[in-house]
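Please read the following report with the sequence and the 3D structure open beside it. It takes the strands, then the helices, and then some individual residues.

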Amino acid sequence: MTEVGSVRLLADAQEFIPVIAGWYKSEWVEWFGDTSVDEIEADLRHVANRDRLPLALLVFDKDATLLGVCSIRDDPFKSYPHAGPWLRGLYVHAPFRGVGVAGLLIGAACEHAKRLQIPKLYASTQSAISTFERAGWLGFDQVPHKGQVVTIFAKRTA
Ligand SMILES: CC(C)(COP(=O)(O)OP(=O)(O)OC[C@H]1O[C@@H](n2cnc3c(N)ncnc32)[C@H](O)[C@@H]1OP(=O)(O)O)[C@@H](O)C(=O)NCCC(=O)NCCS
């Protein structure tokens, strides 16, 4: 049984960057096909901020095992360029799925967005629709993206 222990900023846990880069590379094979693990790690170091975007959040269990990650980024999503900032890179390591870890990350992202006075967060997803709905987000649009249809979600942070 997974017992969640803490949510930390990637800025304060940068030793986990190689693990996360490995997860991303194997999960999003098409997206990262031409991108090396070194490049993904460099991008993650760029996301390791505390008081400004982009930033990333990690969730750990009680034994400090990393369970999952997400980021908040303000670079535009090309398939929906007029919205943002975006919750992106939501990933829960496979052994820890199905117990609400993603919901915890999504909630923590909203809290950090509020802390940074960001009134609204957006997300696009094809695979995590029910997870965002459970977290109280509103799916309000659908757009084509890389041969799929993704749902655009939004949530007010205040
Ligand atoms: C999508 C993802 C983040 C969800 O994380 P999570 O912490 O498992 O989220 P939830 O706890 O809300 O569970 C998600 C679903 O998995 C189901 N589930 C149950 N046990 C599971 C298991 N052992 N493994 C996977 N899914 C399981 C849950 O019942 C739930 O189903 P439902 O949404 O159809 O009701 C995670 O599956 C993941 O990292 N997937 C790969 C990357 C990805 O698709 N990211 C989303 C980008 S927006």
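Predicted model: local features only at pLDDT ≥ 70, side-chain atom pairs only at ≥ 80, totals over all residues.

## Strands, helices and backbone details

Strand β1 (residues 4-9) and strand β2 (residues 55-61) run antiparallel and are joined by five bridges. Within this pairing, Val7 has Val59 of β2 as its bridge partner.

Is β2 enclosed by the rest of the structure or open? Five of its seven residues are buried, so β2 is largely enclosed by the rest of the structure. To be called buried, a residue needs 20 or more other C-beta atoms within 10 Å of its own.

Strand β6 (residues 138-145) presents another picture, since it is hardly covered: among its eight residues, the count of buried ones is zero. Strand β6 pairs with strand β7 (residues 148-156) in the antiparallel sense, over seven bridges, and in this pairing Asp141 stands opposite Ile152 in β7. As a general point, the side chains of a regular strand alternate between the two faces of the sheet.

Both of these regions contain a hairpin. The one made by β2 and β3 has four residues between the strands, while the one made by β6 and β7 has two residues between them. Most residues other than glycine have a negative phi, and most peptide bonds are trans.

| Residue or bond | Feature | Value |
|---|---|---|
| Ala64 | positive phi | near 65 degrees |
| Lys146 | positive phi | near 50 degrees |
| Leu53 to Pro54 | cis peptide bond, omega | about -5 degrees |
| Gly84 to Pro85 | cis peptide bond, omega | near -5 degrees |

Ala64 lies in the loop between β2 and β3 and is exposed, with 10 other C-beta atoms within 10 Å. Lys146, in turn, lies in the loop between β6 and β7 and is exposed, with 10 other C-beta atoms within 10 Å. As for the two prolines, Pro54 is found in the loop between α2 and β2, whereas Pro85 lies in the loop between β3 and β4 (86-92).

Helix α1 (residues 17-27) packs with helix α2 (residues 37-46) at an angle of about 120 degrees, and their axes are 9 Å apart. The two helices are therefore oblique to each other, and their crossing is right-handed. On the α1 side the contact includes Ile17, Ile20 and Tyr24, and on the α2 side it includes Val37, Ile40 and Leu44. By class, the contact of α1 with α2 has eight nonpolar, one polar and three charged residues.

One more loop residue deserves a look. Where does Gln126 lie? Gln126 has its place in the loop between β5 (120-125) and α4 (129-134), and it is exposed, with 12 other C-beta atoms within 10 Å. If residues up to four places away in sequence are not counted, Gln126 touches Gln148, Val149 and Val150. Gln126 and Gln142 are 16 residues apart in sequence, and their C-alpha atoms are 9.6 Å apart in space.

Terms used:
Residues numbered from 1 in each chain as written. Axes fitted to C-alpha atoms, helices over the stretch in contact; angles between N-to-C directions. Parallel < 35°, antiparallel > 145°, perpendicular 65-115°, else oblique. Left-handed = near helix turned anticlockwise from the far one by under 90°. Contact = placed C-beta atoms within 7 Å. Nonpolar A, V, L, I, M, F, W, Y, C, P; charged D, E, K, R; others polar. Pairing = 2+ DSSP bridges.
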